[in-house]
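Dear colleague,

Please find below the structure that I am handing over to you, followed by a summary of what was found in it. I would be grateful if you could read the two side by side.

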Amino acid sequence: MRVPLKQMLDLGRYMGRKKRAGEKYFPLVLMLEPLHACNLACIGCGRIVEYKDTIRDQMPLEDAVGAAAEADAPIVSICGGEPLMYKHIVPLTKRLIEEQKRHVMICTNAILVERFIKQVAASPYLSFNLHIDGMRETNDRILARDGHFDTVVRMIKLLKEKGYRVQTNSTVFRETDAEEVEELIKFLGGLGVDGMLVTPGYHYQVLTNDDLYLTKEEMPLKFQRVRKLADDYKIINTPIYLDYLVGERDLLCSPWTTVTRNPRGWKGPCYLITNGHYKSFAELHQATDWEYYRTKQDVRCRDCKLHSGFEGTVAMDFGKNLKDSWRMVRHYVA
Ligand code: SF4
């Protein structure tokens with residue numbers, strides 16, 4: 001399976017409960033950014049630009065644990081910055097798993113993984129999401145660190161050997177060659193990773209280097225190849241989202257399905273664009289016109305195909321169309 005069965009069942013039960021209660025705008029995933037500091041400075045990283053004034057801030061442990069309870073999403077993606085630099089990462093991970101039974105994903109550049117796994121055992125509730133943006137030369141240039149590719153490969157092998165669930169996260173930029181994306185997918189498949197997320201580069205509102213990102217016109221060509229490979233390799237993008245990336249269907253956005261909490265508060269309206277940071281999850285909801293962002297009316301939504309917004313739509317629509325739902329089931333159990 002490309003996604004753990006227990007995670008899918010827990011997510012399905014949670015969504016059923018929310019829908020029966022008449023709730024429309026509820027989160028599926030919390031992006032918990034307990035800090036924005038990082039031990040890399042990747043090209044195209046919006047976080048280190050947007051949060052340069054608070055780059056040294058770290059959330060108190062109780063705030064981070066409390067944020068997960070406040071959002072109540074079944075999946076918590078601990079990201080950043082580099083989350084393994086967070087001083088409370090060990091107790092945070094353990095408490096989210098043991099006390100709250102959240103499915104925790106650590107989104108990391110892999111550099112500090114070895115130290116972390118000496119303190120946190122493998123669990124059906126824990127996954128790693130390792131950042132790798134190409135084969136050796138491309139990856140090390142984008143992540144601005146010689147030897148990073150080799151570190152990730154070593155950590156994938158180590159994590160698999162010790163029984164942890166490992167997936168990868170690769171961003172496709174304008175300069176990324178489609179053949180290299182294929183080579184990377186096949187290479188990671190050979191290493192036995194449990195899932196691969198392949199997404200277009202995010203155009204953060206704070207970044208001005210437009211040349212880096214795929215345009216609407218360029219995206220189909222690169223993702224047609226990814227969609228084809230998804231038949232044989234454990235790509236976790238849903239087939240519906242891949243149809244959207246290749247331009248064969250349109251999707252509305254569901255930014256409320258993936259909410260972000262960081263040291264400055266609840267970031268809204270979405271992972272990419274910032275109108276403000278709110279003190280509470282309730283305030284984020286009160287301040288945000290979800291229908292406006294759902295229908296992509298904002299100029300900043302132009303050309304956006306961010307996976308968290310649109311995969312959220314796919315998840316929320318599951319069951320509405322039998323053919324799509326059957327494709328999703330076949331995709332995930334393969
Ligand atoms: S379309 Fe993109 S920028 Fe607009 S709300 Fe959705 S995720 Fe955010």
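In what follows, axes are lines fitted to C-alpha atoms, for helices over the stretch in contact, and angles run from 0 to 180 degrees between N-to-C directions. Please note that this is a predicted model.

I begin with a pair of helices. Helix α3 packs with helix α4 (residues 89-98) at an angle of about 30°, and their axes are 10 Å apart. Because angles under 35 degrees count as roughly parallel, α3 is roughly parallel to α4. Their crossing is right-handed. On the α3 side, Leu61, Ala64, Val65 and Ala68 make the contact, while α4 contributes Pro91, Leu92, Arg95 and Leu96. By class, these residues comprise seven nonpolar, no polar and one charged.

The sheet is open and has nine strands, in the order β6-β5-β4-β3-β2-β1-β7-β8-β9, with mixed pairing. At its edges are β6 (195-200) and β9 (274-278), each pairing on one side only. From one strand to the next, the twist averages 25°. Strands β1 (residues 29-32) and β7 (residues 258-262) run parallel and are joined by four bridges; Leu30 stands opposite Val259 in β7.

Helix α7 (residues 148-161) lies across β4 (126-131) and β5 (165-172), running at about 165° to β4.

Finally, the ligand has 14 residues around it, of which Cys253, Cys270, Cys301, Cys304 and Gly309 come nearest. This shell consists of 10 nonpolar, one polar and three charged residues.

With kind regards

Methods:
Residues are numbered from 1 along each chain as its sequence is written. This is a predicted model: local features need pLDDT of at least 70, side-chain atom pairs count only at pLDDT 80 or more; totals for chains, interfaces and linings use all residues. A residue is near a molecule or strand if its C-beta atom, placed from the backbone, lies within 6 Å of it. Ala, Val, Leu, Ile, Met, Phe, Trp, Tyr, Cys and Pro count as nonpolar, Asp, Glu, Lys and Arg as charged, and the others, Gly among them, as polar. Two strands pair if DSSP finds at least two bridges between them. Helices (H or I, at least four residues) and strands (E, at least two) are DSSP runs, numbered from the N terminus. Two residues are in contact if their C-beta atoms, placed from the backbone, lie within 7 Å. Angles under 35 degrees count as roughly parallel, over 145 as roughly antiparallel, 65 to 115 as roughly perpendicular and the rest as oblique. A crossing is left-handed if the near helix is turned anticlockwise from the far one by less than a right angle, and right-handed if clockwise.
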